[in-house]
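Please look over the aromatic side chains in this model with me. My notes follow as numbered points.

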Amino acid sequence: MDELKSDQLPKNIEAEQALIGAVLANNKTFEITVLNGKVTCEETSKEADSEMNITSFTQLVCGAFTLSEVKLRADVKIKGNENFINNFFTKKPVYIRETF
């Protein structure tokens, strides 16, 4: 996976925090780690801090919805560090143009 540069990260993320999230539709668990301004995402066998289907996860990652909005859905279970998730996945304008 490509690493993000520190200037691409939200400014309020503390170093050395990790989020373990399961994307249930893919039946895999991934660990997202922020360390010294770099973000990595690796498959893991650790217990998940959060669980959601791929639709909810994608909308959270892309910034279409906040964690507060996403966690209202039945498929979303947050068992871990909500502060980290809120700071890492921020809501922002989304523009997707598809042509076929």
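1. Phe84 is buried in this predicted model. Its relative accessible area is 2%. The cut-off for buried is under 20%, so Phe84 falls within it.

2. Which helix holds Phe84 and Phe88? Both lie in helix α3, which spans residues 82-88. They are four residues apart, about one turn of the helix.

3. Phe88 is also buried, at 13% relative accessibility. Phe88 pairs with Phe89 in an edge-to-face arrangement. The ring centres of Phe88 and Phe89 are 4.8 Å apart, with 90° between the planes.

4. Is Phe89 buried or exposed? Phe89 has 6% relative accessibility, so it counts as buried.

5. How many aromatic pairs does the whole structure contain? The search finds three. One of them joins Phe84 and Phe88, and this pair is stacked. Centre to centre, the distance between Phe84 and Phe88 is 5.6 Å, and their planes are 20° apart. Stacked requires planes under 30 degrees apart.

6. Now the wider grouping. Phe84, Phe88 and Phe89 belong to one aromatic cluster with Phe57.

7. A further ring to check is that of Phe65. The charged end of Arg73 sits over this ring. The distance from the charged end of Arg73 to the ring centre of Phe65 is 5.1 Å.

Notes: Residues numbered from 1 in each chain as written. Predicted model: local features only at pLDDT ≥ 70, side-chain atom pairs only at ≥ 80, totals over all residues. Heavy atoms only, no water. Phe/Tyr/Trp six-rings, centres within 6.5 Å; stacked < 30°, edge-to-face > 60°. Helix = DSSP H or I, 4+ residues; strand = E, 2+ residues; numbered from the N terminus. Buried < 20%, exposed > 50% of the residue type's maximum accessible area, 1.4 Å probe, protein only. Lys NZ or Arg CZ within 6 Å of the ring centre and 35° of its normal.
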